[in-house]
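Hello,

Here is the structure I promised to pass on.

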Amino acid sequence: MARPTKPRRDAKKSSSKESPHKRERLGRTRELAALLTIAETATQSLDTDKILQDTLDKSVDLLGLDVGDIRILDPDTRNLVVRVARGLTSSEFLAVKISLDSPKRIVGKIVFETQKPYIATDIRKDPTFKTRTLEQEGVISAAFVPIRSKKRVLGQLTVGSRRLHRFSKTEIDLLMAFGSQLGAALENAQLYEEVSKSKAYIENLVENAGDAIISTDTGDRILTWNRGAEVIFGYTKQEAVGNSLSILLTPGHSQELEEIRNKVVVAGVIRNLEVRRNRKDGTLIDAAVAVSPIRDKDESVIGFLHLAKDITEKKRYEKRLKELDKMKSDFVSSVSHELRTPLTAIKGSADNMLDGITGPLNEKQVRYLTRIKSNADRLARLINDLLDLSRIEAGKIDLRPTSLPVVLLTKEVAETLRPVAAEKLISLEVESPDAEVTAWADRDKLTQVLVNLIGNAVKFTPAHGRVSVAVQRDGEEWVKVSVADTGLGIPSEETNRIFDRFYQVARADKQKTKGTGLGLAISKALVELHGGKIWVESEVGRGSSFCFSLPVRQTLNSEVSPN
């Protein structure tokens, strides 16, 4: 009798009989595939809703669950708001906003603050779920994990089951990985959106700027042309882009662009370059131009950015103002000369009468004649100031500089003004650590500057005050003279105007200061003619110090001034 044969074992076991290690490997493979899919979506898409929905679907499907949602933090309201959901349809649930500022102990707030997952195996028995909105959706078990990026929580991923489900450590770790991947994707999408908004904002600013903003390559071919350029130069964007910037050049200036390019490469940027440019209709305009290089990541120059402002009207007004200024100067000079003759006669007659040439005078006549002489002298000073100013503005002042002993000259001027200071009981001193200091200056013009500054200091210093004049070397090339007083000082908002013609500082007592307001303007012009500079340092209530500098020796360039 034949023995029964044993049933042959199938080489391939059924899925129910797979080894635990094999099932684990298959599960791990599916997890990695899901992570890879989410990563690909995150890196290849900037559509936030798609990223959220794909991540949620993969999370629910991979774990074999029923429901899920993703809440994103609204930074303005600090609420976690549902952005996508699956298997949850209740409008009440979807509308709920989780406030992070709520005093209640709620899951969303716990996850946000701890940045750790919250697992509810049975929400029916969990006292944290007081609103029961999930329970009303039939959810029994749920896991809540933070969506994080760079240790910052951006939202919350929730998955749940309508059957009792015990979440394993592997499942929680996988959900946390999903949350981290999603956080990085959301931050990238937000950054891209912010960059896009900033780019659009900048492009809008450039396009609608009133000035011309033009970019060119290194061969002057126009690459961009904004609306300001269209208005200023008359060419449309379509007409300009691709053409050479030389379409704007005036005849005879074909090398100008090359010269500008070379200067920019050396200097880095050119500002306030005034040029003439051709409009499309052939009219010429004046333009103020700034040019800077455009560089690539290797710092190589790949083009140039040109900014241009139409200053045609400004130049026209400046020309007209110069003409008017010259007419005014000519008028002042002419009138001043005409006034000198009768004024000299008035002064001479008053002096003769006071000297008794016309006979004896009584006390009242002497008083009246003295007043006439005083006001005639004042008028003569005004006429001289006006003539000096008109000559300076007309460039008709001739300097005869020599090497002058500054300390000695300053002391001589101070002595002439000492009686005026003595009347107000004001101390007037000249100080210098080096009595041999010299400057390259015109003696008469320097005397005029010193008289103006020291005279002003005495005038504006109250009785029993102090005026000190200091002379010192300022390096090897300059001499500095400062006239300090203990007067009321000058408000900071007025120091920039103190050297303007006819400008006088307003007094606290509202009284008008005697004088023409020309002394400081003349002093400034005379100092600058020597190649120096003049300035004021002042503090209200603590006095002022007027300083000026002069060159020690003859300079090759009269425009050079100290730092």
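Let me start with a salt bridge (a side-chain nitrogen of Lys or Arg within 4 Å of a carboxyl oxygen of Asp or Glu): the side chains of R124 and D122 meet in one, at 2.9 Å from N to O. R124 is partly exposed at 44% relative accessibility, whereas D122 is buried with a relative accessible area of 14%. For these words, buried means under 20% relative accessible area, exposed over 50%, and partly exposed in between, with a 1.4 Å probe and protein chains only.

Some housekeeping before I go on. This is a predicted model, in which local features need pLDDT of at least 70 and side-chain atom pairs count only at pLDDT 80 or more, while totals for chains, interfaces and linings use all residues. Residues are numbered from 1 along each chain as its sequence is written, and side-chain values use heavy atoms, with hydrogens and water left out.

The overall picture

The protein chain has 15 helices and 18 strands; helices (H or I, at least four residues) and strands (E, at least two) are DSSP runs, numbered from the N terminus. Of its 563 residues, 38% are buried. Contact means heavy atoms within 4.5 Å, and among the contacts with a separation of 6 or more, 58% are between residues 24 or more positions apart. The accessible surface comes to about 33,800 Å², with 53% of it belonging to carbon and sulfur atoms; accessible areas come from the Shrake-Rupley method with a 1.4 Å probe, and for residues only the protein chains shown count as cover.

More salt bridges

The structure holds 29 salt bridges. One of them joins the side chains of E239 and K280 at 2.7 Å, N to O. E239 is in helix α8 (residues 237-240) and K280 in the loop between β9 (270-278) and β10 (284-295), so this pair ties together parts that are 41 residues apart in sequence. Both partners are partly exposed, E239 at 30% and K280 at 44%.

Together with L321 and M327, L324 makes a nonpolar surface patch of about 300 Å². Patches are made of residues with over 30% relative accessible area and no salt bridge, where like charges are joined within 9 Å and nonpolar side chains (Val, Leu, Ile, Met, Phe, Trp, Tyr) within 5 Å.

Which order do the strands of the five-stranded open sheet take? The order is β13-β15-β16-β18-β17, with mixed pairing; two strands pair if DSSP finds at least two bridges between them. The edge strands are β13 (427-431) and β17, each pairing on one side only. On average, neighbouring strands are turned by 15 degrees against each other, direction ignored. Helix α13 (residues 443-460) packs on this sheet and touches β13, β15 (466-474), β16 (478-485), β17 and β18, with its direction at about 170 degrees to that of β18. Axes are lines fitted to C-alpha atoms, for helices over the stretch in contact, and angles run from 0 to 180 degrees between N-to-C directions.

β17 (residues 534-539) and β18 (residues 543-551) are antiparallel, paired over six bridges. They form a hairpin with three residues between them, and G541 in the turn has a positive phi of about 90 degrees. S538 has S544 as its bridge partner in β18, and W535 stands opposite C547.

Helix α15 (residues 519-529) is largely enclosed by the rest of the structure, because eight of its eleven residues are buried. One of these is L520, with a relative accessible area of 10%. Beyond its neighbours within four places in sequence, L520 is in contact with L453, N456, I498, F499 and F546.

Two loop residues

Most residues other than glycine have a negative phi. K150, in the loop between β5 (141-149) and β6 (152-161), has a positive phi of about 55 degrees and is exposed at 71%. D220, in the loop between β7 (212-217) and β8 (222-225), has a positive phi near 70 degrees but is buried at 7%.

Best wishes
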